[in-house]
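Okay, thanks for coming, everyone.

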Amino acid sequence: MDFKLTEEHLMIQKAARDFAQAELLPGVIERDEKQIFPTEQIKKMGELGFLGMMVDPKYGGSGLDTISYVLAMEEISKVDASASVVMSVNNSLVCWGLQTFGSEEQKEKYLSRLATGEIIGAFCLSEPEAGSDATSQRTTAIDMGDHYIVNGTKNWITNGSTADFYIVIAQTDVDKKHRGINALILEKTMPGFEIGPKEQKLGIRGSDTHSLMFTDVKVPKENRIGEDGFGFKFAMKTLAGGRIGIASQALGIASGAYELALKYSKERKAFGTEICNHQAIAFKLADMAVNIEAARHLCMKAAWDKDNHNNYDLSGAMAKLFASQVAMDTAVEAVQIHGGNGYVKEYHVERFMRDAKITQIYEGTSEIQKIVISRSIISQ
Ligand code: CAA
Ligand code: FAD
């Protein structure tokens, strides 16, 4: 067992850290306050290869492993979790799914543009009545021979208005239940494709979240990913890797909040000494450090499983469940350590606290991760 990062990993970590400090930190408070999408920053992330990190270089990607992806996700999320969710969706839910299960024609048409950030992708599974209960799809894709006709509504779609490329999960054959579901590629220029208003959110406010409405959208058969009826399995397999991305996002939020709290505790004085010298504060810092280290190990283990072609459903779910709890706990305590300053925007930690919450909700709530984990350990 080797816990040492390679030279290449260290370089990627540094590149992501430098980028986050130079390009994401300026303006992050304003983007959060006004719900501004980081358009220019995402463009630069694409140019630097952060939007298609695991995509084969022959399709314009960086050809890196999942460990590199975890490292970069942590660094970006330490500064701006709104930018990192765009990165996570594009890398793990869109590029990975397309590269792994898409046809050669689909890859040639879309993958290099997605991997370089020329276009951004979205992954559309959730619906008003199908969130955790994802097999209850109401969106329909009726088979018309050479095309599908898609009708329905998707909820909470990240990159909802900024994307050009949408993977939409829809029910073709109700009688076959989840085995009658398909994954289709839609483009927003298709007639009948409508984007709902932007959601007003608690956190990750720089990312754009929308509902999408489809009315008789005609989708060519060649836009189906995989065999007929593969759509639900496609979604589950894709989400298994997506959860490693969100676990790393949670890790980054936690470590960003912790670093600020540590620094502040060494500067702020109360009762004649720096507050880190009060054991109540020092013990909070110790708990944060241990939890973050444990979360990092779980993220790395899941990434290692993926890179070594082991099953990563269990390790990815464990990483997401634990890291998202650590993000929440750490951010709340970081606000506490900052006292009154923790409650105002310029100290950043209140944003981390608001951003942390989503990591326990999307890509499978914490309760859903416990379902995945318990089913897996019971069946072993
Ligand atoms: N890999 C491959 N196949 C899988 C699988 C996996 N990891 N997990 C389940 N399946 C297959 C099963 O084998 C089964 O197929 P067969 O019957 O052919 O064997 C089929 O899927 C149905 O499985 P279950 O019977 O286990 O289904 P279920 O109804 O009990 O639900 C669930 C399982 C894990 C709870 C699933 O519904 C789930 O993951 N729900 C959460 C949805 C979710 O994570 N949504 C995230 C949306 S994207 C997002 O949120 C993005 C973002 O924020 C940025
Ligand atoms: P519900 O499923 O209604 O759950 C409500 C509560 O009940 C939760 O606490 C849940 O854990 C619990 N619960 C449900 N079933 C069970 C059970 N069997 N056992 C125990 N507890 C249970 N979706 C996409 O497809 N693409 C995206 O890009 C995307 N981005 C998102 C971005 C944001 C900002 C948000 C808020 C959501 C996003 N989502 C996206 C949707 C997200 O994945 C869902 O919100 C999530 O899966 C939960 O579904 P739900 O909101 O319908 O909650």
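So, which residues of α1 are buried? They're Ile12, Ala16, Phe19, Ala20, Glu23 and Leu24. Those six sit on the same side of α1, because they cover an arc of only 105° around the axis. Keep in mind, by the way, that this is a predicted model.

And what do the buried residues of α1 pack against? Four other helices: α2 (28–34), α3 (39–47), α4 (66–77) and α5 (81–101).

As for α1 itself, the helix runs over residues 7–24, so to speak, 18 residues in all. From first C-alpha to last, α1 reaches 25 Å, and that's close to the 26 Å expected at 1.5 Å a residue.

Okay, on to ligand 1. Around ligand 1 there are 24 residues, and the ones that come nearest are Ala134, Met236, Tyr362, Glu363 and Gly364. Which of the elements gives the most? That's α7, with six residues.

What about the make-up of the shell around ligand 1? You get 13 nonpolar residues, six polar and five charged. And in terms of domains, the shell draws at least three residues from domain 2 (122–231), and at least three from domain 3 (232–379) as well.

That's my tour, thanks!

Notes
Residues numbered from 1 in each chain as written. Chains lettered and ligands numbered in written order. Predicted model: local features only at pLDDT ≥ 70, side-chain atom pairs only at ≥ 80, totals over all residues. Helix = DSSP H or I, 4+ residues; strand = E, 2+ residues; numbered from the N terminus. Expected span 1.5 Å × (residues − 1). Buried ≥ 20, exposed ≤ 12 C-beta atoms within 10 Å, placed from the backbone. Arc of directions from axis to C-beta. Contact = placed C-beta atoms within 7 Å. Near = placed C-beta within 6 Å. Nonpolar A, V, L, I, M, F, W, Y, C, P; charged D, E, K, R; others polar. Domains from an automatic or database assignment.
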